[in-house]
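Keep the viewer open as you read.

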Amino acid sequence: MQASIWFNGKMVPFENAKIHVLSHVIHYGSSVFEGIRSYDTKKGHAVFRLPGHMRRLMDSAKINRMDVPYDQTELEQAALDTVTSSGLGACYIRPVIFRGMGSMGVNPINNPVETFIAVWEWGPYLGADALEHGIDVQVSSWARMAPNTLPSLSKCAGNYVNASLVKMDAVLNGYAEGIMLSTSGYLAEGSGENLFLVRDGEIVTAPTSLSILPGITRDSVIRLARDRGYSVEERQIPREALYIADELFFTGTAAEITPIRSVDKYTIGSGTCGPITRELQEAFFDIVHRGNDPYDWLTGVPSPADELTAAAVSITHLESKAELQSI
């Protein structure tokens, strides 16, 4: 059974969540979106960094001149309602803001702005044993877009044509993922993940000035690493640094923290998950699986029973208020 989808302010059956083929988004990629995970922690169902994701969604919409008819708080609640309605504990949450059907042509200003939130079950993004044993990747022949061409701080659909080409090439060449270089030849990121390199105990990652997406999981890992005493620097990294790294790993909502065991058939470190990567994985999973959350990154998901109780309390309150007004 497919979960209902929150569509323009109300829950609709999965099969009824439709748009017209002449919607602007289909022709010109005019949408922004987020990827968020809900976890089944030992302390209950919870969404990881929900406010941070929804703020980035609203930022993406603003960059793309979309006037969203909902505020951030409303979208956060809608995401929680959608997860609750689905009956899923652990799931992936996909909010999308897009340009609907209106006048055709590149200019979308007069087209309606529509919003939906869908959820589904999604296991390890890069393979069942990727988190434990790592993945094999290649450096892509496709570069990350140059600054001031597309807004890399915005998680917009158009940017992901670039990512799709990288991913397809990697898979067809027998790899799990590709790594993009910037237009100046420095390391950027994967098709859907940020990249970290470890050398002599120091952790480095590309700066956002190289048109990478400022990932929420990336930000979380930087915080976790620094709180454990590691030096983390954002700087330009040459391609060859990949091959002599002690450890490499990807981060992302879907990928979580995935070790890289080889690049272009160069073995990285011991060819498995390195000790610093493992330490950061354990710190991350202690939060999202066990619910030990010193950063207040988890937002609890109300159960259907809680929703019914809240509704009953609300009805009782309204009835009592009505009785008092009638006296």
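## T258 and its surroundings

Leaving out residues up to four places away in sequence, T258 touches L126, A130, L131, I135, F249 and F250, where contact means heavy atoms within 4.5 Å. Keep in mind that this is a predicted model, where local features need pLDDT of at least 70 and side-chain atom pairs count only at pLDDT 80 or more, while totals for chains, interfaces and linings use all residues. Numbering starts from 1 along each chain as its sequence is written, and side-chain values use heavy atoms, with hydrogens and water left out.

T258 sits in strand β15 (residues 256-263); strands are DSSP runs of E, at least two residues, and helices are runs of H or I, at least four residues, all numbered from the N terminus. Is T258 buried or exposed? With a relative accessible area of 2%, T258 is buried, a label that means under 20%, whereas exposed means over 50% and partly exposed is in between (1.4 Å probe, protein chains only). The T258 side chain also reaches the backbone oxygen of A255 at 2.7 Å.

## Strands β15 and β6

Seven of the eight residues of β15 are buried, so the strand is largely enclosed by the rest of the structure. β6 (91-99) is mostly covered too, with nine of its nine residues buried. On one side of β6 there are C91, I93, P95, I97 and R99, on the other Y92, R94, V96 and F98, and all are buried.

Here's who pairs with whom; two strands pair if DSSP finds at least two bridges between them.

| β8 (residues 135-139) and β15 | parallel | three | D136 and S262 |

A hairpin takes the chain from β14 to β15 through three residues.

## Two positive phi angles

Most residues other than glycine have a negative phi. Which residue takes a positive phi in the hairpin of β15 and β16? D264 does, near 55°, with two residues between the strands. R65 is not a glycine either, and has a positive phi of about 55°. R65 lies in the loop between α2 (50-63) and α3 (72-86), and because its relative accessibility is 67%, R65 counts as exposed.

## A nonpolar surface patch

I19, V21, L22, I26, Y28, M101, M104 and V106 form a nonpolar patch on the surface, with about 750 Å² of accessible area together. Of these, M104 is found in the loop between β6 and β7 (113-120), and at 41% relative accessibility it counts as partly exposed. Patches take residues with over 30% relative accessible area and no salt bridge, joining nonpolar side chains (Val, Leu, Ile, Met, Phe, Trp, Tyr) within 5 Å and like charges within 9 Å. A salt bridge is a side-chain nitrogen of Lys or Arg within 4 Å of a carboxyl oxygen of Asp or Glu. Areas come from the Shrake-Rupley method with a 1.4 Å probe, and for residues only the protein chains shown count as cover.

Methods. Polar contact = N/O pair within 3.5 Å; in protein donor to acceptor, adjacent residues only side chain to side chain.
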